[in-house]
Amino acid sequence: MPGVRRALAALRPLAVLGLATNAADSDAAEIRAALRRVRLSSCFERLYCYRSLGVRKPSREYFAAVLADLGLPPERVVMVGDEWEADVEGALAAGMRAVWYDPRSRGECRHPRVRTLHEMRRLPDVLLEWGVT
């Protein structure tokens, strides 16, 4: 994913970064190993996966578990993802804001709690516009 390493490095000192995935075949240790292989493991403080939580995005239970672990209210958390239903709709239902990563430029979202992102390198700018730090 072009620009992701630079974007995460810029955000890491400003916020708690977590990875939330629906990967069903891998547990947290396997996902961490995969992140190490692509040199991204140090970017994420938290990891949430189906095998650990027992539920999938976009369920309310998934996002409730993430919020409980972070100890933050939903309005202080932003979900960044490329799956509209699982990531964006799930986050909105949980009271969070969302960034829809759409590198193929399939569209723009006009919802006040959603931003559309076509290039990952722009993620820090989008979050800073929202005052997320």
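D125 is partly exposed, with a relative accessible area of 37%. Its side chain and that of R122 meet in a salt bridge, at 3.0 Å from N to O. This is a predicted model, and a search through the whole of it turns up five salt bridges.

**Nonpolar cores**

- The largest nonpolar core has 22 residues, and the members that touch the most others are V99, L123 and L127.
- Two or more residues of this core come from each of α1 (4–11), α2 (28–37), β2 (46–49), β4 (97–101) and α6 (123–129).
- Helix α1 makes the largest contribution to this core, with four residues.
- Once neighbours within four places in sequence are set aside, L127 has contacts with L11, V78, V99 and V132.
- Another core, of 16 residues, lies apart from the largest one, and its members include A20, Y62, V66 and V88.

- Helix α4 spans residues 60–70, and its buried residues include Y62, F63, V66 and L67.
- These four sit on the same side of α4, because they cover an arc of only 130° around the axis.
- On the face turned away from that buried side, α4 carries the exposed residues R60, E61 and A68.
- The cover over the buried residues of α4 includes β1 (18–21), β2, α3 (50–53), β3 (78–81) and α5 (84–93).
- After α4 comes G71, which has a positive phi, near 70°.

**The sheet**

- Three strands form an open sheet in the order β3-β4-β5, and their pairing is parallel.
- Strands β3 and β5 (114–117) are the edges, as each pairs on one side only.
- From one strand to the next, the twist averages 15°.
- Four bridges join β4 and β5 in the parallel sense.
- Y101 has L117, in β5, as its bridge partner.
- Helix α5 packs on this sheet and touches β3, β4 and β5, and its direction makes about 165° with that of β4.

**Salt bridges**

- Side chains of opposite charge can pair when their charged atoms come close.
- E45 and R12 form a salt bridge through their side chains, at 2.7 Å from N to O.
- E45 is in the loop between α2 and β2, while R12 is in the loop between α1 and β1, so this pair ties together parts that are 33 residues apart in sequence.
- Both ends of this pair are partly exposed: E45 has a relative accessible area of 36%, and R12 has a relative accessibility of 30%.
- D69 and R46 also meet in a salt bridge, at 3.0 Å from N to O.
- Here D69 belongs to helix α4 and R46 to strand β2, so the pair ties together parts that are 23 residues apart in sequence.
- D69 is partly exposed, with a relative accessible area of 41%, and R46 counts as partly exposed at 27% relative accessibility.
- In the pair of R122 and D125, R122 is partly exposed, with a relative accessible area of 32%.

**Two residues to look up**

- T21 is part of strand β1.
- With a relative accessibility of 17%, T21 counts as buried, because the cut-off for that label is under 20%.
- Leaving aside neighbours within four places in sequence, T21 is in contact with I31, Y48, C49, Y50, K57 and Y62.
- E89 has its place in helix α5, and E89 counts as partly exposed at 39% relative accessibility.
- Along the chain E89 and F63 are 26 residues apart, and their C-alpha atoms are separated by 11 Å.

Definitions and conventions
Residues numbered from 1 in each chain as written. Predicted model: local features only at pLDDT ≥ 70, side-chain atom pairs only at ≥ 80, totals over all residues. Heavy atoms only, no water. Core = buried A, V, L, I, M, F, W, Y, C linked by side-chain atoms within 4.5 Å. Buried < 20%, exposed > 50% of the residue type's maximum accessible area, 1.4 Å probe, protein only. Contact = heavy atoms within 4.5 Å. Arc of directions from axis to C-beta. Salt bridge = Lys/Arg side-chain N within 4 Å of Asp/Glu carboxyl O. Pairing = 2+ DSSP bridges. Axes fitted to C-alpha atoms, helices over the stretch in contact; angles between N-to-C directions.
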